[in-house]
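Thanks, everyone. Please take a look at the structure on the screen, and I'll walk you through a few parts of it.

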Number of protein chains: 2
Amino acid sequence: VTARTAETRAVERANQAFYDAIENSDLDALEAVVLTGPLAESVSTVHPGWPVLRGRAEVMRSYALIMANTEYIQFFLTDVEVAVDGDAALVTCTENILTGGPAEEDGSTGSLVGGLVVATNVFRRTSEGWRLWAHHGSPVLAEEDDDESGVAADDAEDVDEALAEGSGADPLGGVLGEDGDKGGGSDVLDDRPGDDDTEE
Amino acid sequence: VTARTAETRAVERANQAFYDAIENSDLDALEAVVLTGPLAESVSTVHPGWPVLRGRAEVMRSYALIMANTEYIQFFLTDVEVAVDGDAALVTCTENILTGGPAEEDGSTGSLVGGLVVATNVFRRTSEGWRLWAHHGSPVLAEEDDDESGVAADDAEDVDEALAEGSGADPLGGVLGEDGDKGGGSDVLDDRPGDDDTEE
């Protein structure tokens with residue numbers, strides 16, 4: 001195991017610990033993952049669809065709130081990519097989320113809902129290990145095709161094709177709603193490569 | 001000017017240069033902002049509502065696509081916060097976006113659409129200045145109140161209040177749609193402080 005690989009794995013573990021803490025509704029475990037010290041005030045989090053929350057205390061409160069209002073949640077991480085440079089590490093991943101609504105009045109389990117969120121997580125190296133500096137999660141609003149990979153597209157050919165076709169990608173991914181251009185950014189990613197560039 | 005302040009300003013300028021490049025549809029200017037070198041493959045971008053795009057070439061192609069399909073776009077950045085630590089810098093900000101749809105058939109200007117996006121931008125220090133390592137933008141789906149500040153909430157009291165009220169914040173910010181709990185994460189942020197704290 002090279003030092004580089006060991007570092008990458010350490011960051012991966014920190015990233016997994018972050019999601020495990022939320023999954024287990026374990027605020028103490030989350031406290032252990034989130035950065036403390038001089039940078040604590042600059043810790044930031046964006047929950048999907050939310051504005052930015054800043055400062056460790058504020059971020060922790062939001063998780064306490066979420067945990068208190070979540071009956072059940074499970075993260076299946078896919079497409080996890082880690083890049084380490086010096087004392088900073090960048091993780092991008094796809095959160096395949098399964099979450100349960102509140103229990104029914106008769107006590108039965110609430111309905112399960114699935115969701116696709118992409119995250120950018122920034123970690124800092126500390127004397128005690130890698131700690132989360134910033135988390136940004138956002139909903140994937142692009143339409144899915146039948147491809148079962150479930151991972152984010154990372155094939156340059158898609159963008160090339162979309163460019164050639166002149167599909168209407170817009171910088172807001174069509175999220176503004178008013179704009180009739182329904183294609184939006186999703187066109188670029190609709191036709192995901194399961195295998196290769198032999199697309200119709 | 002302290003070294004710290006000078007650094008922060010340099011990062012702010014790099015962040016502004018990033019948005020200026022998109023606003024001016026200037027791909028060369030954008031090339032100059034985005035990180036090159038050994039980390040180029042790990043450069044990542046999430047456009048609002050999109051999956052993750054990875055690798056400098058892929059990211060640049062997506063911007064070329066967006067520029068080619070955007071008649072008009074303007075970013076008013078608010079709530080810009082910069083934290084510098086060593087060779088990494090974290091920027092969070094709110095992008096108040098004004099964008100124009102395609103021109104009408106009669107040649108008149110397309111309709112303008114506004115949107116609120118929050119961004120987490122990660123910069124790396126290089127010998128040539130600060131360069132963008134990661135950008136993650138996402139739509140703010142929380143309902144706005146009448147507060148005209150237009151900035152993201154950063155007041156801990158909001159979360160406390162929401163906690164006390166037991167509003168149904170969920171980790172997906174209600175973006176999954178199926179879940180009838182319309183309150184979602186937005187409740188936490190509805191009541192935004194215009195001027196509460198004495199923060200810069």
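Let's start with one residue in chain B. The bridge partner of S44(B) in strand β6(B) is A134(B). Keep in mind that this is a predicted model.

Now zoom out to the two strands. Strand β1 of chain B covers residues 44–46, and strand β6 of chain B covers residues 129–139. How many bridges join them, and in which sense do they pair? Three bridges, in the parallel sense. As a reminder, strands of a sheet pair through backbone hydrogen bonds, either parallel or antiparallel.

Next, the sheet around them. Chain B has an open sheet of six strands. Read the order with me: β2-β1-β6-β5-β4-β3. The pairing is mixed. Which strands stand at the edges? In chain B, they are β2 (53–54) and β3 (72–85). Each has a single partner strand, so one side of each is left without a neighbour in the sheet.

What lies across this sheet? Helix α1 of chain B, residues 3–23, lies across β3, β4 (88–100), β5 (112–126) and β6 of chain B. Helix α1 runs at about 155° to β3(B).

Another helix in chain B is α3, residues 56–68. It has 13 residues. From first C-alpha to last, α3(B) reaches 18 Å, close to the 18 Å expected at 1.5 Å a residue. Its buried residues include V59(B), M60(B), Y63(B), L65(B) and I66(B). R56(B) and E58(B) are also among the buried ones.

Over to aromatic rings. The whole structure holds six aromatic pairs over all chains. Take F18(A) and Y63(A): the ring centres are 6.0 Å apart and the planes stand at 90°, so this pair is edge-to-face. Where do the two residues sit? F18(A) is in helix α1 (residues 3–23) of chain A, and Y63(A) is in helix α3 (residues 56–68) of chain A. So the pair ties together parts that are 45 residues apart in sequence.

Buried or exposed? F18(A) is buried, at 0% relative accessible area. Y63(A) is buried too, at 3%.

Last, cysteines. A disulfide is a covalent bond between the sulfur atoms of two cysteines.

Technical notes:
Residues are numbered from 1 along each chain as its sequence is written. Chains are lettered from A and ligands numbered from 1 in the order in which they are written. This is a predicted model: local features need pLDDT of at least 70, side-chain atom pairs count only at pLDDT 80 or more; totals for chains, interfaces and linings use all residues. Side-chain values use heavy atoms; hydrogens and water are left out. Rings of Phe, Tyr and Trp (its six-membered ring) pair if their centres lie within 6.5 Å; planes under 30 degrees apart count as stacked, over 60 as edge-to-face and the rest as tilted. Helices (H or I, at least four residues) and strands (E, at least two) are DSSP runs, numbered from the N terminus. Buried means under 20% relative accessible area, exposed over 50%, partly exposed in between (1.4 Å probe, protein chains only). The expected span of a helix is 1.5 Å times one less than its number of residues. Two strands pair if DSSP finds at least two bridges between them. Contact means heavy atoms within 4.5 Å. Axes are lines fitted to C-alpha atoms, for helices over the stretch in contact, and angles run from 0 to 180 degrees between N-to-C directions.
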